[in-house]
Protein chains: 2
Amino acid sequence: MNNLEKPRGGRPRAFDPDRALDAAMHLFWEHGYEATSLAMLREAMRLTPPQIYNAFTDKETLFRKALERYHQTEIGFALEALSAPVPTHEAIRRLLMGAAETYSRPGKPGGCLFISGGLATSPQAQAIADELKTYRKASEAAIAGRLEKGRASGELPEGFPAEAFAKYLAGVMNGMSIQARDGASAEELRVLARTALAVLPGEGQKQDQSKD
Amino acid sequence: MNNLEKPRGGRPRAFDPDRALDAAMHLFWEHGYEATSLAMLREAMRLTPPQIYNAFTDKETLFRKALERYHQTEIGFALEALSAPVPTHEAIRRLLMGAAETYSRPGKPGGCLFISGGLATSPQAQAIADELKTYRKASEAAIAGRLEKGRASGELPEGFPAEAFAKYLAGVMNGMSIQARDGASAEELRVLARTALAVLPGEGQKQDQSKD
DNA sequence: CAGGTTTCGTAACGATCGATATGAATAATT
DNA sequence: AATTATTCATATCGATCGTTACGAAACCTG
């Protein structure tokens, strides 16, 4: 499982597994798990089928590793925002603004892989759908954790419904992902995010639609 | 194209096309366009392949007719809400609350067919993805139209950004669709909708989270 | 250099995909 | 009754799906 493990011998790889995984990730990001065929992967990764299967076991394992890589390389903004030593409102603002940028980055597929990867799947790919759902639920839980922290510190009201609010914020981010896929620009997503932020207590509750 | 047109002769159909189309619609709703195979459709519609192809031309046409039927039979709440002779805030409230119910109806697939039907597709199904996007954009435009009407009538402020707000509301509904697919209950979706509504001017701007 | 190990390229596997050819069966029309 | 039109059921089409034998090639260890 570790890329750093040295083999005891044998013919060396003629390709960089991480670069190949990157190509696969972008393809899954664009077309989803099931709609991405081995033929497409073969062309994008510039590998033969046996090379893919030797390095990544099978299509499902390749997709799971693509998810891990996406989590590590593409959406670090989320953990950064939620763990930054800033007020709760600012943390959530960074989260939504980061999503606005990340979901509409030029040269990358629009939206979030955790959604585009497979929302409605065939029964055979149910495990993949479940895996993606797990990632989405983890995001929602992370938001809830940050909000509860804000409530504990007194930034948010006593009876603030952290979980319900996290479900709202996660829902907004999911919606942004779809809007991004439908062509929304980074600026449009920022405006959407700013509107969504207006319901969160803190930061003086400004209701205007002017730019930052 | 019309179900009411009488044939000049020939053997009569041994099935009800509308019931068969309903079965297909639910299957597409659950699994999306590409992940729904003819074998699955054959079983759910209780028809043989030639029956399906004779009545609906091909899989793509069947899906498009399923979209039309979904639009007519499942999401009438949207047009009702937006065309009802009620204040703007109430119209939008009905829209979001209707979505909360419709996206989590027992016995039906979670979420909205216009999203679950195919968000990320193979290149061969690009036309289907475009068609779904057109439906989503039409929804957003309908919301924008209702908001502009509210602005024109003086219910909303002079410079109210109807289109940007419509993009926010459409995004929230898209997010609700995904939350519904991830198992959110009608009540959870109503809470989400109520939170989202708080940013819309009118109705006294109440910020509490209590039930209706 | 011989033995062991891993990856290489070529070719093809069985399963499933969407879609159809074929001819019998059932209706309205003449 | 004969003709025409449409749907029926059976069987199967070629293409693509994910996956894998197979043997040669390229490295490390002894």
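A: Chain B and chain A together bury about 3300 Å², of which 64% lies on carbon and sulfur atoms; buried area here is the accessible area, found with a 1.4 Å probe, that two parts lose on being put together, summed over both. The size of an interface is often given in this way, as the accessible area lost when the parts come together.

This is a predicted model, in which local features need pLDDT of at least 70 and side-chain atom pairs count only at pLDDT 80 or more, while totals for chains, interfaces and linings use all residues. Residues are numbered from 1 along each chain as its sequence is written, chains are lettered from A and ligands numbered from 1 in the order in which they are written, and side-chain values use heavy atoms, with hydrogens and water left out.

The contact, meaning heavy atoms within 4.5 Å, draws 41 residues from chain B and 41 residues from chain A. Between the two chains there are two salt bridges, a salt bridge being a side-chain nitrogen of Lys or Arg within 4 Å of a carboxyl oxygen of Asp or Glu. One of them joins A:Arg136 to B:Asp182, where the closest N and O atoms are 2.7 Å apart.

On the side of chain B that touches chain A, the elements that give two or more residues are helix H1 (17–31), helix H7 (113–116), helix H8 (126–152), helix H9 (162–181) and helix H10 (186–197) of chain B; helices are DSSP runs (H or I, at least four residues), numbered from the N terminus. H9(B) gives the most to this side, with 12 residues. Sorted by class, this side of chain B has 18 nonpolar, 13 polar and 10 charged residues, where Ala, Val, Leu, Ile, Met, Phe, Trp, Tyr, Cys and Pro count as nonpolar, Asp, Glu, Lys and Arg as charged, and the others, Gly among them, as polar.

The same surface serves both copies, since 100% of the contact residues of chain B recur in chain A.
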